Amino acid sequence: MRSIWNGAISFGLVSIPIKLVNATESHSVSFRQIHTEDGGRIRYRKVCELEDREVTQAEIGKAYEDADGSMIPITDEDLSRLPIPTARTIEIVAFVPEDRIDPLQMGSAYYLAASGAPAAKPYTLLREALKRSNRVAIAKFALRGRERLGMLRVVGDAIAMHGLLWPDEVRAPEGVAPEGGVTVRDQELDLADALMDTLGEIDLDDLHDEYQEAVEEVIAAKAAGERPREAPAEAAPGKVLDLMAALESSVRAARESRDGEEAGSAEEAEVRSLPQRKTSSRRAPKETGGKKSTSTAKKTAAKKAEPKKSTARSAGSAKKTAAKSTAKKTAAKSTSGSGGDKAAARSTGKSTAKKTASRRRSA
């Protein structure tokens, strides 16, 4: 950044060599005046009214116009003799809290850059002192032929200076506020608070000059021989008859706008499921996860319940039949007596003889 002023900061007996550079820049599109018939440039020429001729820059001086219209010449030599101690010095006169400064006084902003290696240490000392005290420095300096008032504060790792208007240059707000007593109801304040909360906050870095962008688009279109794009017509604002109704409508519109933005961001990240395959009406739908329909479960439960009843009945009859057969066998055993034992012994002996014969053959 190119410096526009060289000097020093006077901090008590400490002198800090610095360079003054602009902290802001203008991005506005500048136009030239032309003759609409032939496109020729329109230029301003400095003409002397008495001689009616154009004069050069070397022939132009300064003068103060008195109330009666007479001119009082003032030369650069006259101005150089003025007792201005801040001609090349930013003289710090006080340190105050930042909230003591009225924003109406703040003007142009500048950065103060340390000039050379010897200025690094005192520059850093002033910066850290301002940081730790949470205060700003009030200073006087001379720029473009006049003494000015400034405020020094820390911005990042640099020291910035805001040009301030003198207190008597700020007008009092007389006749600006509405005349007469105006009362505001609590319901209206509540709606105003709701509107403020709905609009919420914004990052100032997201704001940009839409008018400048539109002007640049028009210039680019005409340079390419195209017709500039027409802006959509704005709806005429309706008359506000009821403040409460206007506040409610504003809150509603702000909420709809915010919901629309949230829905738009949600649509960008929407996950869509794949379409399901069509199944034939003749085939029964497949069961997923081992789940069955309610009607099928009821029928199955009914079928399972019926065999349980029949099983219980058959078990009861089987117990009765087994008891009867057991009683008959017991009676038969008691009737047969020893005859039954002899027959059993015979059959046992025959089977033992057969097993012995078979073993001998195999041997």
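Predicted model: local features only at pLDDT ≥ 70, side-chain atom pairs only at ≥ 80, totals over all residues.
Strand S7 (residues 89-97) is paired with S9 through six bridges, and the two run antiparallel. Within the pairing, Ala 94 has Ile 138 of S9 as its bridge partner. S9 itself spans residues 135-143 and is mostly covered, with seven of its nine residues buried.

S9 also pairs with strand S10 (residues 146-155), again in the antiparallel sense, here over seven bridges. In this pairing Ala 137 stands opposite Leu 152 of S10. The two strands form a hairpin with two residues between them. Arg 144 lies in that turn and has a positive phi of about 55°.

Strand S2 (residues 14-22) runs antiparallel to S8 and is joined to it by five bridges. Asn 22 has Tyr 110 in S8 as its bridge partner.

S8 pairs as well with strand S11 (residues 158-164), in the antiparallel sense and over five bridges. Here the bridge partner of Leu 112 is Ile 159 in S11. S8 is therefore paired with both S2 and S11, given that a pairing needs at least two bridges.

Most residues other than glycine have a negative phi. Asp 52 has a phi near 55°, a positive value in a residue that is not glycine. Asp 52 is placed in the loop between S3 and strand S4 (53-54). With a relative accessible area of 65%, Asp 52 is exposed, because the cut-off for exposed is over 50%.

Asn 134 likewise is not a glycine and has a positive phi of about 55°. Asn 134 belongs to the loop between helix H2 (120-133) and S9. Is Asn 134 buried or exposed? At a relative accessibility of 64%, Asn 134 counts as exposed.

## Charged surface patches

Which residues form the positive surface patch? The patch is made of four arginines: Arg 32, Arg 41, Arg 43 and Arg 45. Arg 32 sits in the loop between S2 and strand S3 (47-48). Its relative accessible area is 64%, so Arg 32 is exposed. A residue needs over 30% relative accessible area and no salt bridge to be part of a patch, and Arg 32 at 64% is therefore above that area cut-off.

A patch of negative charge is also present on the surface, where Asp 186, Asp 190, Asp 193 and Asp 197 gather. One of these residues, Asp 190, lies in helix H3 (residues 186-199).

## Leu 247 in helix H5

Helix H5 covers residues 243-268 and contains Leu 247. Leu 247 has a relative accessibility of 13% and so counts as buried, since buried means under 20%. Which residue lies 52 positions from Leu 247 in sequence and 7.4 Å from it in space? That residue is Leu 195, with the distance taken from C-alpha to C-alpha.

Methods: Residues numbered from 1 in each chain as written. Heavy atoms only, no water. Helix = DSSP H or I, 4+ residues; strand = E, 2+ residues; numbered from the N terminus. Patch = residues over 30% accessible without salt bridge, like charges linked within 9 Å, V, L, I, M, F, W, Y side chains within 5 Å. Areas by Shrake-Rupley, 256 points an atom, 1.4 Å probe, with all protein chains shown as cover. Salt bridge = Lys/Arg side-chain N within 4 Å of Asp/Glu carboxyl O. Lys, Arg positive; Asp, Glu negative; His and termini not counted. Charge placed at Lys NZ, Arg CZ, Asp CG, Glu CD. Buried < 20%, exposed > 50% of the residue type's maximum accessible area, 1.4 Å probe, protein only.
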